[in-house]
Amino acid sequence: MNDQIEFVENLDKSMQENVIVRLYRAYKRRCPNQKSLLQSASSYLKFDEGERDFQELVRESRLVLFAYESSGFLELLSLDFPVIAFWDNEGFDQHHNDLDQFYSLLVDAKILHKSGESAAKFVNYVWDDVDEWWGSESVVEARNQFVEQFAAKTKSPASNLNKILREHH
């Protein structure tokens, strides 16, 4: 939660009014004060408590941010939609060391940040031309390598899963 507040506090005031915070559906149970804490960091934020369709929100966005690792983050990477994620070092510690090289690609391309402050400062920097950053060679290469490992699309998922299961059985 602190990294989210840090993000909001470091985001240019002029951009805060463009932010829609989509709260986790169970936030009232898991983190009941999340909304009020974020509201105290900025009165400009708008909130969605899961009422609107995720795809609809994405279509209306220039850039989507995630404060935790999720399937939505992987999905948007796979769909080649501009996305930035930030989570603290505890989030990175969840991964096996063999995965460090792939996450390092995202960090180097500024897709993944290790703090809310870093993510906010980068959003402030790229906001006027997100597409230029997202289409840069380093970002495209990092995204493609990461997606190939963790979020690849397939025309026949059932066949691919069957093949994987047979190979590892």
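This is a predicted model: local features need pLDDT of at least 70, side-chain atom pairs count only at pLDDT 80 or more; totals for chains, interfaces and linings use all residues.

Visitor: Why is Phe66 called buried?

Guide: Buried means under 20% relative accessible area, exposed over 50%, and partly exposed in between (1.4 Å probe, protein chains only). Phe66 has a relative accessible area of 7%, so Phe66 is buried. Tyr68, at 41%, is therefore partly exposed.

Visitor: What makes Phe66 and Tyr68 an edge-to-face pair?

Guide: Rings of Phe, Tyr and Trp (its six-membered ring) pair if their centres lie within 6.5 Å; planes under 30 degrees apart count as stacked, over 60 as edge-to-face and the rest as tilted. The centres of Phe66 and Tyr68 are 6.4 Å apart with 90° between the planes, and the pair is therefore edge-to-face. Phe66 and Tyr68 also belong to one aromatic cluster with Phe54, Phe73 and Trp87.

Visitor: Why is the pair of Phe122 and Tyr125 called tilted?

Guide: The ring centres of Phe122 and Tyr125 lie 6.2 Å apart and the planes meet at 40°, so the pair is tilted. Both residues lie in helix α9 (residues 116-126), three residues apart, about one turn of the helix. An α-helix has 3.6 residues a turn, so residues three or four places apart point the same way. Phe122 is buried at 11% relative accessible area, whereas Tyr125, at 68%, counts as exposed.

Visitor: How do you know that Arg62 lies over the face of Trp127?

Guide: A charge sits over a ring if NZ of Lys or CZ of Arg is within 6 Å of the ring centre and within 35 degrees of the ring normal. Arg62 lies over the face of Trp127 at 4.1 Å from the ring centre.

Visitor: What makes β3 and β5 edge strands?

Guide: Helices (H or I, at least four residues) and strands (E, at least two) are DSSP runs, numbered from the N terminus. Two strands pair if DSSP finds at least two bridges between them. Three bridges join β3 to β4, which run parallel, and these strands therefore pair. The open sheet has the order β3-β4-β5; β3 and β5 (112-113) each pair on one side only.

Conventions:
Residues are numbered from 1 along each chain as its sequence is written. Side-chain values use heavy atoms; hydrogens and water are left out.
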